Protein chains: 2
Amino acid sequence: MPAPGRPRGFDRDAALRSALRLFWERGYEAVSISELTEAMGIGARSLYTAFGCKEELFREAVELYGCTPGLGTATERALETAPTARAAIEAMLRDNAEIYADPGSPRGCMVVLAATNVSEDNVSVRLFLEQRRRAVRESVRARLAAAEGEIPGGADLDALADYAMTVLFGLSVQAKDGASVTGLHKVIDAAMFGWDGMVRACA
Amino acid sequence: MPAPGRPRGFDRDAALRSALRLFWERGYEAVSISELTEAMGIGARSLYTAFGCKEELFREAVELYGCTPGLGTATERALETAPTARAAIEAMLRDNAEIYADPGSPRGCMVVLAATNVSEDNVSVRLFLEQRRRAVRESVRARLAAAEGEIPGGADLDALADYAMTVLFGLSVQAKDGASVTGLHKVIDAAMFGWDGMVRACA
DNA sequence: GTAATTCTGCAACGATCATTGCACAATAGA
DNA sequence: TCTATTGTGCAATGATCGTTGCAGAATTAC
């Protein structure tokens, strides 16, 4: 049963995907409504009717990024499926590295890079992504806390989680600067030595 | 001997410092000329007479950031004065961490954060900072190459340098998200285990 | 003094920003 | 067919963007 009124003349999901790519590539403020409408193939009026305003569109795009297989779900998936905490962290880093450096997509993580530079009017957008980053950190922290026996009791789980997140953040900048997938994997090789050393030191 | 013509009615260096802080805090495009003129205490016409245009002002601000003791010089200084490559990397990370989380300054590194989101018109600004980041990486790489005997011959200096830069980049994001100095130092504790493991693995 | 030079305040420039009012089109249910 | 509801194209909104022309002020060199 379709809703009453004139039906929408475009594919809302496809339009949102176009907006996602643009926001991901350049960030919130650096993308204008006119660029969005052109990329989405719709008029400004339709954009506002369908998505509310620019910020709501951005938030929807971020949500889509977060729940799209092969993009935002990689982290959660890695944390859930890996058999050990160490493997979970390594899988999170490596799977994301592949995504960050994928030649067919914007480089780096949208959640890390898409709202770094905002004016005073749009601080809320920056805080929105900051909160998403914090949520990822908490997922990582929770995975470490659930690793019975694997991590010695004296280990600083907060420090371990922050370390993993720091490397993850850094990978986004590296990818944006043009780093290759193999280069990122070598970085992760080193990073996992850091994990091992940290865990061993607290044994 | 002063130059002919009407003398400048403001302190150019002080005005540049004000612009630096603003650009550092929010980034290139998120700061408007009117905000700059207000912070610098001058009219728009004086800004353009003294600095040329917004991009030139930004570049000068970045140069100032780079050559200011306690800001951009920390990295170079750490690389030059530390007795070993390992100590150089650690000092670079720790000294920068102190700067990134300094409560009296904008959080994170200006070179890493100030031109992440730019429109198509200002790609040159992003590339300008990208080049500065690359230059830092080359300094790190050179310091590693100069560490005779300390690092085994089979070690991948590029990977080690990229790893150090990745952690350094990540620290900026962490600081921007509100991480404490002690939190950053704990991250660096873990990161240095990564260095040791990487070096030992290639022995 | 005069000329040359540089800086500054004012007021504007055209362009673009995100957003919306309005008339009309296109559907559903009655 | 009539009403209710929703989407769309057009054209505009006021605001702000970075930048500049111009007249006059302030200095040096002569």
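**Notebook: the A/B interface and the cavity**

I began with the contacts between the chains, and I found 42 residues of chain B touching 42 residues of chain A. I note at the outset that the model is a predicted one, so every entry here describes computed coordinates.

Next I looked up the area.

I then turned to charged pairs, since side chains of opposite charge can pair when their charged atoms come close. Over all chains the search returned 34 salt bridges, and the count between chain B and chain A is 6. One that I inspected joins A:Glu120 to B:Arg26, with the closest N and O atoms 3.9 Å apart; this pair runs from the loop between helix 7 and helix 8 of chain A, where A:Glu120 sits, across to helix 1 (residues 12-26) of chain B, which holds B:Arg26. I also recorded a salt bridge between the side chains of A:Arg26 and B:Glu120, for which the N to O distance is 3.9 Å.

I then asked which elements of chain B give two or more residues to the side that touches chain A, and the list came out as helix 7 (110-113), helix 8 (123-145), helix 9 (157-176) and helix 10 (181-201). The largest share of that side, 12 residues, comes from helix 9 of chain B. Sorted by class, the side of chain B that touches chain A has 19 nonpolar, 9 polar and 14 charged residues.

I found 1 cavity of 30 Å³ or more in the structure, and the volume of the largest cavity is about 200 Å³. Its lining is made up of 19 residues, of which A:Val112, A:Leu113, A:Thr116, B:Leu113 and B:Thr116 are the closest to its centre. The elements that give two or more residues to this lining are helix 7 (110-113), helix 8 (123-145) and helix 9 (157-176) of chain A, together with helix 7, helix 8 and helix 9 of chain B. Helix 8 of chain A gives the most, with 3 residues. By class, I recorded 8 nonpolar, 2 polar and 9 charged residues in the lining of the largest cavity.

Last, I looked at chain A by itself. I read its secondary structure as 10 helices and 0 strands, and along its principal axes the C-alpha trace of chain A spans about 65 × 40 × 30 Å.

Definitions and conventions. Residues are numbered from 1 along each chain as its sequence is written. Chains are lettered from A and ligands numbered from 1 in the order in which they are written. This is a predicted model: local features need pLDDT of at least 70, side-chain atom pairs count only at pLDDT 80 or more; totals for chains, interfaces and linings use all residues. Side-chain values use heavy atoms; hydrogens and water are left out. Contact means heavy atoms within 4.5 Å. A salt bridge is a side-chain nitrogen of Lys or Arg within 4 Å of a carboxyl oxygen of Asp or Glu. Helices (H or I, at least four residues) and strands (E, at least two) are DSSP runs, numbered from the N terminus. Ala, Val, Leu, Ile, Met, Phe, Trp, Tyr, Cys and Pro count as nonpolar, Asp, Glu, Lys and Arg as charged, and the others, Gly among them, as polar. On a 1 Å grid over the protein atoms alone, a cavity is a set of points where a 1.4 Å probe fits but cannot get out, and a pocket is an open set with protein on both sides within 12 Å along at least five of seven lines; lining residues have an atom within 4 Å of a point. Grid points are joined across faces, edges and corners, and a volume is the space filled by probe spheres set on the points.
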